[in-house]
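Here are my notes on this structure, written as numbered points. Keep the 3D view open while you read, and check each point as you go.

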Amino acid sequence: MGTVKNTKARNGKVVHPALDPSVSAAGSAKASRRLSNRERLKAFLDLFKREDRVLVLIVADPDALASALAVRRLLARRVEEVTIAHPNEIKRVNNLAMVELLKIPIQRLRTFKKDDYTKFVLVDSQPSHHPDLERISYDAVIDHHPLTKGWDAPFVDIREDYGAVSTQMTEYLRAAGIKPSVALATALFYGIKTDTHNFAKKASYGDVLSFQYLFKRINQNLLRKIETSDIRRSELKFFRAAFEQMIISKKRIYTHVGKVANPDILVVVADFFTHIHDIGWVIVSGFYGERLVVIFRCDGYKKNAGRLAVKSFGKVGSAGGHRQSARAEVPLQNLDPALVENFSSQVLQRLTVKHISS
């Protein structure tokens, strides 16, 4: 595995800073960043014994699912058992297709007893990201989001400059000399694609190298099926409603689709309408539970979806996003009851058009 550098002695034993319990999470993360891939792998594997039963926790999304699957592969022949658990409900059709097509063995966290496991690993998240994750003390945390406070772990590998944890896990596999199976390679490839938005968002040179490495090992047909599976048959009616209620004015589309069982369908509808030539703005709304959800899309050129969302709904609910995409969620109790009762595409247009600058 190579020589582990920057070690110190404790009780006669050589300990790397990334595994030193006296070092804070921030210190451990900093120490880990100085390691080579082989040294980082060794520090991680040194946590485990043959009799360990390991629970890998994730907030399930493509990057997290792929990363957890990679941890399972790394530990498969080193510990007694590796189980993947998630606290959140998986709603997006793409994610459900990924789990089904790649046969990713996951279960809801509530079905497990903590005492049944000896080691806990958290990937693509940190304990403070979800209430159910805060109740567990972790042996290892591997993530790429900004470091949060209020938790600690013996091993911490947080690389904020990386676009995806799937990249980090690909490097672990390569350092271990493990060639990923087709399913695992496809999962990791998709994880990098989604978290970097096809490299339109932040990404590192490591992301590019891992993407190239995995490309030769994926199943393109499986990947295409996962990427295009984003609509349930039961949700086709919302497209019909969107077309029937659609208003097109000054190269802008406004449409209110009514009550939805899953707010993700509003995102899918909005993204669909962005494919229409000569449309600069797409604004789609619907009622989900006791909230009005509004999705904003634009080309981001001399336009700012996030700013429009805040100006339109920021005073009555949560709103924000990026230049090209944004979202607002407004509790219905914050709106005039008459407005809610008569909400329509015309009302959506009236609430937003006065704030559109271009």
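1. Let's start with the surface. The protein chain exposes about 17,700 Å², and carbon and sulfur atoms supply 50% of that area. Accessible areas come from the Shrake-Rupley method with a 1.4 Å probe, and for residues only the protein chains shown count as cover.

2. A word on what you're looking at: this is a predicted model, where local features need pLDDT of at least 70, side-chain atom pairs count only at pLDDT 80 or more, and totals for chains, interfaces and linings use all residues. Residues are numbered from 1 along each chain as its sequence is written, and side-chain values use heavy atoms, with hydrogens and water left out.

3. How confident is the predictor? The mean pLDDT (the predictor's confidence in each residue, from 0 to 100) is 90 for the protein chain, and 91% of its residues reach 70 or more. Watch residues 1-15, though: pLDDT stays under 50 there. For that stretch the model has 25 contacts (heavy atoms within 4.5 Å) beyond four places in sequence.

4. Now the overall build. The protein chain has 13 helices and 14 strands; these are DSSP runs numbered from the N terminus, with helices being H or I of at least four residues and strands E of at least two. Its radius of gyration is 23 Å, close to the 21 Å from the globule rule for 358 residues, so the chain is as compact as a globular protein of that length. That radius is taken over C-alpha atoms, and the rule is 2.2 Å times the number of residues to the power 0.38.

5. What share of the 358 residues is buried? Buried residues make up 54% of them, where buried means under 20% relative accessible area, exposed over 50%, and partly exposed in between (1.4 Å probe, protein chains only).

6. Take a look at helix α10 (residues 264-273). Eight of its ten residues are buried, so the helix is largely enclosed by the rest of the structure. Among the buried ones are D264, L266 and F273. The buried residues of α10 pack against α9 (236-245), β10 (252-259), β11 (281-288), β12 (291-298) and β14 (325-331).

7. Finally, find I247, in strand β9 (residues 247-249). I247 is buried, with a relative accessible area of 16%. I247 and Q349 are 102 residues apart in sequence, yet 8.3 Å apart in space, C-alpha to C-alpha. Not counting residues up to four places away in sequence, I247 touches R252, I253, Y254, S345, Q346 and Q349.
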